Amino acid sequence: MVDDRPQNLSMLDALLTGSGFVVDQALNGEQALERARQNKPDMIISDILMPGMDGFALCRKVKMDDTLKDVGFVFLHRFLPG
């Protein structure tokens, strides 16, 4: 999961881990890309609007990376109000 808003990460983490999924969190696109390259995920759930590397740029970089291009990618926008 990638979101610059910790409260969104916390809420989604609770939902996913409560359903039995293993979750890793990143606060920005750069951090998410680095973690994905270290430990390939099955899926990336990413906010769209983030400072630095936004969700669209992260998705492009993931899909251009030969080792990550088959990772599922879901955009999440405005999970919590605010």
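Ala, Val, Leu, Ile, Met, Phe, Trp, Tyr, Cys and Pro count here as nonpolar, Asp, Glu, Lys and Arg as charged, and the others, Gly among them, as polar. The model is predicted: local features need pLDDT of at least 70, side-chain atom pairs count only at pLDDT 80 or more, and totals for chains, interfaces and linings use all residues. Residues are numbered from 1 along each chain as its sequence is written, and side-chain values use heavy atoms, with hydrogens and water left out.

**Stop 1**

Select V22, V23, D24, P41 and M43. Of the 19 lining residues of the largest pocket, these are the closest to its centre. The volume is about 550 Å³, taken as the space filled by probe spheres set on grid points joined across faces, edges and corners. A pocket is an open set of points on a 1 Å grid over the protein atoms alone, where a 1.4 Å probe fits, with protein on both sides within 12 Å along at least five of seven lines; lining residues have an atom within 4 Å of a point. The lining divides into 13 nonpolar, two polar and four charged residues. Now colour α2 (29-38) and β1 (43-47), the elements that give two or more residues to this lining. Helices (H or I, at least four residues) and strands (E, at least two) are DSSP runs, numbered from the N terminus.

**Stop 2: the core**

Show V2, L33, I44, L58, V62, L68 and F73. They have the most contacts inside the largest nonpolar core, which has 15 residues. Such a core joins buried Ala, Val, Leu, Ile, Met, Phe, Trp, Tyr and Cys residues through side-chain atoms within 4.5 Å. Buried means under 20% relative accessible area, exposed over 50%, partly exposed in between (1.4 Å probe, protein chains only). Both α2 and α3 give two or more residues to the core. α3 gives the most, with four.

**Stop 3: the aromatic rings**

Next, select F56, F73 and F75, which form one aromatic cluster. The structure holds two aromatic pairs (ring centres of Phe, Tyr or Trp, its six-membered ring, within 6.5 Å). F56 and F75 make a tilted pair, 5.1 Å centre to centre with 55 degrees between the planes. Planes under 30 degrees apart count as stacked, over 60 as edge-to-face and the rest as tilted. F56 sits in helix α3 and F75 in strand β2, 19 residues apart, so the pair links distant parts of the chain. F56 is partly exposed at 40%, and F75 is partly exposed at 34%.

**Stop 4: D65**

Finish in the loop between α3 (55-64) and β2 (72-76), where D65 lies. D65 counts as buried, at 13% relative accessibility. Its side chain makes a polar contact with the side chain of T67 at 2.6 Å.

Technical notes: Polar contact = N/O pair within 3.5 Å; in protein donor to acceptor, adjacent residues only side chain to side chain.
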